[in-house]
Each structure stands twice: as C-alpha cells, then as structure tokens.
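Subject: Structure for your review

Dear colleague,

Please find below the structure that I am handing over to you. I would be grateful if you kept it open while reading the notes that follow.

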Amino acid sequence: MTFDEQRAKMVETQLKSRGLDDERLLAAFGKVPRHLFIPEEFREEAYADHPLPIGAGQTISQPYIVALMVDCLGLRGHERVLEIGSGSGYQTAILSELALEIFSVERVPELLKAVQVRLSTLGYLNVHLAAGNGSLGWPEHAPFDAIIVSAAAPRIPLPLVTQLAERGRMAIPIGTPQAQMLVRAEKRRGILHQKDIASCVFVPLIGDYGWPV
Ligand code: SAH
C-alpha cells in the first residue's frame with residue numbers, strides 16, 4: 001500500500017469508525033503527510049495505530065489521540081491557536097489546516113529546528129514557532145481562541161488559563177507522569193469548565209507548572 005492509501009485507510013478505520021465525524025478534521029488528517037514527520041527508521045509505521053519515537057526521547061501520539069485532542073478545540077477556521085510541545089510538527093500541520101494562525105512553543109531546540117524546515121518545505125506558512133517553556137504560554141500573542149498541550153501536566157498551568165480567550169477551548173492531558181486524563185476545558189465568564197474525555201499517556205511537560213527535568 002502507498003502512503004496515500006495507508007493514510008486514507010487510517011482515517012476510515014482509526015478516526016471515522018471511532019466516532020470522529022467533523023468533516024474538516026477528517027479532511028485535514030486525510031491530507032497531512034504524517035510519514036514525512038516520522039524519522040526514517042519508523043516511516044513504514046507512520047499510519048499505524050500506536051505512538052512512535054520522534055527523537056530526543058519524545059514521542060508522537062497515535063493518530064486517534066491527536067484527532068481526539070484537536071476535535072476538543074472545535075476549530076472552524078478563524079481561530080488563533082497556541083500549541084505547547086511542537087514535537088515533530090505533525091499536529092502543528094493539522095492545526096495549520098484547521099485554523100487561522102498557529103503559535104507553537106517547543107523546549108527542545110533540535111526538534112524545533114526540524115519542525116521549522118518541515119513546515120516551510122510543506123508550505124505551512126501560518127505557523128509561528130518559538131523555543132522555550134510553553135507552560136508559561138506566549139503572552140505577547142494572547143489571548144488565544146484555543147490552546148492545546150501535547151505533554152502531560154500535573155494541573156492546568158495558570159498562565160494558560162489567563163491567556164485563553166473568553167469562550168476559548170483547551171485540550172490538555174492532566175495526571176501523573178505515568179498516566180493522565182485528556183481534559184477538555186472551556187472558559188466562560190472567566191471560569192474554566194472542565195470535562196474528562198479519555199485516559200491517555202503523554203510524555204511529561206518539563207519545567208514550571210510541569211515536572212522537573
Ligand atoms: N504533538 C506532537 C508530539 C508532542 S511530544 C507531534 O505531533 O509530534 C511532546 C513535546 O512536548 C516534546 O517535543 C517535548 O519536548 C515538548 N515539551 C515538554 N515540555 C515542554 C515545555 N515545558 N514547553 C514546551 N514544550 C515542551
């Protein structure tokens with residue numbers, strides 16, 4: 001099977017069949033070439049239903065978990081989105097397809113450099129990247145209509161609550177370093193309303209508001 005065929009099958013068997021039905025979301029997952037975000041030695045498994053290593057001891061989640069998280073944001077196309085943990089840049093590319101402007105913060109400079117090359121080569125131009133501790137957010141560009149955290153935190157970092165717009169949505173794995181709950185939160189009249197979505201396992205968020213290195 002070609003990568004294109006594998007990707008179409010992934011959308012059918014891993015996303016649609018598990019209840020994801022947002023047409024724009026499914027189209028984005030059908031379009032973004034996930035294999036180009038995966039290190040060569042694991043490329044054959046790019047569309048498999050499990051997480052994969054992306055270098056620097058980090059992992060990319062299985063497609064379904066990325067889709068479930070992005071689905072929590074309810075993106076319609078006009079949003080400014082903050083992403084914490086660019087990783088391979090795959091989720092960044094998905095967000096770039098679904099929203100107006102993406103601000104993504106990654107703490108590992110070598111990963112960030114690779115993301116920069118990958119996204120500009122593929123023509124994802126509505127993305128702004130920064131190196132640093134993303135749990136502090138990116139105050140210069142706040143408020144954000146949506147915030148997505150792809151590393152596990154002990155609790156929702158306060159700066160991210162502050163930087164979320166009124167009626168903004170957040171997706172974040174909350175728990176221990178070993179196991180978390182994917183939480184969807186929405187800010188209404190300044191108060192965060194939270195809902196548990198699914199249990200999950202992410203790499204830890206490092207630094208203030210996360211865990212020590
Ligand atoms: N969604 C990504 C995978 C993210 S893996 C993808 O599609 O590939 C989680 C990432 O969070 C890792 O790259 C890790 O370096 C980063 N990270 C961990 N703590 C961070 C922090 N405090 N600020 C920014 N990035 C962080």
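In this predicted model, strand β2 gives three residues to the shell around the ligand, the largest share. Two or more residues come from each of β2, α4 (90-98) and β4 (101-106). The shell holds 25 residues, and those that come nearest to the ligand are Ser88, Glu106, Asn133, Gly134 and Ile206.

The ligand itself sits in the largest pocket.

At 3.3 Å from a nitrogen atom of the ligand lies a polar backbone atom of arginine 107. The backbone of glycine 132 also takes part, with a polar atom 3.4 Å from a ligand nitrogen. In serine 150 it is the side chain that supplies the N or O atom, 3.5 Å from a nitrogen atom of the ligand. How much of the ligand does the protein bury? Taken alone, the ligand exposes 580 Å², and the protein buries 98% of that area.

Finally, a word on confidence. The chain has a mean pLDDT of 97, with 100% of its residues at 70 or more. Among the elements of the chain, the lowest mean pLDDT, 96, belongs to strand β2 (residues 58-60), while the highest, 99, belongs to strand β6 (residues 144-149).

With kind regards

How values were computed. Residues are numbered from 1 along each chain as its sequence is written. This is a predicted model: local features need pLDDT of at least 70, side-chain atom pairs count only at pLDDT 80 or more; totals for chains, interfaces and linings use all residues. Side-chain values use heavy atoms; hydrogens and water are left out. pLDDT is the predictor's confidence in each residue, from 0 to 100. Helices (H or I, at least four residues) and strands (E, at least two) are DSSP runs, numbered from the N terminus. A residue is near a molecule or strand if one of its heavy atoms lies within 4 Å of it. A polar contact is a pair of N or O atoms within 3.5 Å; within protein, one must be able to donate a hydrogen and the other to accept it, and residues adjacent in sequence count only if both atoms are side-chain atoms. Accessible areas come from the Shrake-Rupley method with a 1.4 Å probe; for residues, only the protein chains shown count as cover. On a 1 Å grid over the protein atoms alone, a cavity is a set of points where a 1.4 Å probe fits but cannot get out, and a pocket is an open set with protein on both sides within 12 Å along at least five of seven lines; lining residues have an atom within 4 Å of a point. A molecule sits in a cavity or pocket if more than half of its atoms lie within 2 Å of its grid points.
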